[in-house]
Amino acid sequence: MERVRIGVLGTGNIAPLNVAGYLEHPQAEVIAVCDNRPDKARAAADEWGAPKVYTDLADLLADDDVDAVEICTPTMLHKEHVLATIAAGKHVSCQKPIANTVADGREMIAAAEAAGVVLRVAECNVFYPPLVKAKEIIASGAIGAPTMCRIKTVVGTTDTEFQNGLDPSGYVWRFNDQSPGGHLFDDMVHKYTTALWLFDQDITSVQAIVRQAPAFFEAPTAAIWEYERESLLGMMEVTYAPRMHMRSSFYGADEFFEIQGTDGFVWVTRATGEMLDLAPVIVYHPDGTQTHYGNIDSNWLTGFKEGSKHFVDALLAGRTTADLTGEMAVKTLQLCFAVYQASNERTPVDPRTIETSVSPPWWPPDLSNYYESMERYGRE
Ligand SMILES: NC(=O)c1ccc[n+]([C@@H]2O[C@H](COP(=O)([O-])OP(=O)(O)OC[C@H]3O[C@@H](n4cnc5c(N)ncnc54)[C@H](O)[C@@H]3O)[C@@H](O)[C@H]2O)c1
C-alpha cells in the first residue's frame, strides 16, 4: 500500500481531533466522510477536503476507494459498525471504549483476525508525549523497579472554545441506558489503559468504592489494584469539583500520574488539562537530582495526531496490528467493569473473570433534578 485512503464514519465532537493526524500525514488522504446527519457530513467533508460524502454506512463500505474506516460513532454502535467494516474487507480504527461489553469486544477481535484486517482502538493516552516519555523512563530502569502507580483525575468547569463548541447531542447517549456506565466508562478507560500499558503487566485484582455524583459522574471514586508482579500496586482517584475552574484548552478535566520506583519517581503533571505550573514530566533520580522535561510537547491533541499517524504507518508497513490492539482494549474494559463490580459487591474482583458488562446500581441516572443536584453536590 502506497497511500492510505480513509473514510471517516461519524463527524461528531471528537472526530476533528482524530482526523487531524490523517490530514497531516503525507501518505494519508481523507477520501470520504459519512454521517447520518447530512449537514454535519457535508460540513466536515468541506473542512477536511474530502471529495465524497455519504449518509449511509453501506454506501461508504461499498466504495472501493476506501482502504480503512475511522469509526467515530457513539460507543453502543461500535460493534455493529466495526463488524460491517470488517465484513467489507476494510481496516478499522475504532474510538475507545471498544464496545459496551467484553463479549462484543472479543467478537470484533475474532472477526478482524478471520478477515485479516487491522483492528485498532484509538487511545490518545498511549501516544501522548509526556506519557510516552514516562513509559520510556520506567523501562530504562531510571527509577528502579516500579512499586506504585497513582492516577488522579479531577473534573471541574471550563469555558474553553473546545468545550463551548461541543454539540450537546453528543452527551445524550452517554447519560442513559445506551451506555453501561457513566464517566468511569466513558473517560476513565483512558486511565485504565494507561495503568496497563505503562508496565505491560496484567492486573489481577481490584478493590473500589464508587459514589454517585450529578449527571453521569461517578465521584468520588477510589480504587486500588494488584499487578501480576506482587511488588507493584496501582491506585486511582476520581473527583468532581463543579465549582473549580480548570485550566485547559479542551475539556474541564485534568490528570496527574505518579510512578514511584525503588530508586526514584516520575510524575506526569497533565494530560487533558494544564493545571499546574510544573514541567509536564518530572523525574526524581536515585542520587536526589531531578530532570524537568519542560519542553516536551504536552498538547493533548498531539496524542490524537500521533495515534492516527501510527495507524497509517502500520498499514503502510503491512503490519497486522496497530496500537491500541483489540486485546488491550478488552483488558481495559474488563478493568473498568471490575471497578464497578468491586464497588457494588465491596469485594476484590479479578478483571480477567469479566466477560459481559457491569453497571453501578443507580445506572442509568435520574436526570430530572440535574441542576439542583449539581448545585447541591458535596454540600449535604
Ligand atoms: N479522548 C478520546 O479519545 C475520545 C474523546 C471523546 C469521545 N471519544 C469516543 O468517540 C466516539 C464518539 O464520541 P463523540 O463525543 O464524538 O460522539 P458524538 O455523538 O458527538 O458524535 C457521533 C457522531 O456519529 C454520528 N452517527 C451516529 N450514528 C450514525 C450512523 N449510524 N451512521 C453514521 N453516523 C452516525 C452522529 O450523527 C454524530 O455526528 C465515542 O465512542 C467516544 O467514546 C473518544
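The shell around the ligand takes at least three residues from each of two domains, domain 1 (4-122 + 303-322) and domain 2 (126-298 + 333-353), with bounds from an automatic or database domain assignment. This is a predicted model, in which local features need pLDDT of at least 70 and side-chain atom pairs count only at pLDDT 80 or more, while totals for chains, interfaces and linings use all residues. Residues are numbered from 1 along each chain as its sequence is written, and side-chain values use heavy atoms, with hydrogens and water left out.

There are 28 residues around the ligand, and Ile14, Asp35, Arg37, Thr75 and Lys96 come nearest; a residue is near if one of its heavy atoms lies within 4 Å. By class, the shell has 11 nonpolar, 12 polar (Gly is put in this class) and five charged (Asp, Glu, Lys and Arg) residues.

| Side chain | Distance to a ligand oxygen atom |
|---|---|
| Asp35 | 2.6 Å |
| His78 | 3.0 Å |
| Arg174 | 3.0 Å |

On its own the ligand has 850 Å² of accessible area, and the protein covers 91% of this (Shrake-Rupley method, 1.4 Å probe). Helices α4 (78-87) and α11 (300-316) are the elements that give two or more residues to the shell; helices are DSSP runs of H or I with at least four residues.

Lys135 is found in helix α6 (residues 129-140). Lys135 counts as buried because its relative accessibility is 18%, the cut-off being under 20%. Beyond neighbours within four places in sequence, Lys135 is in contact (heavy atoms within 4.5 Å) with Trp197, Leu198 and Asp200.

Definitions and conventions:
A polar contact is a pair of N or O atoms within 3.5 Å; within protein, one must be able to donate a hydrogen and the other to accept it, and residues adjacent in sequence count only if both atoms are side-chain atoms. Buried means under 20% relative accessible area, exposed over 50%, partly exposed in between (1.4 Å probe, protein chains only).
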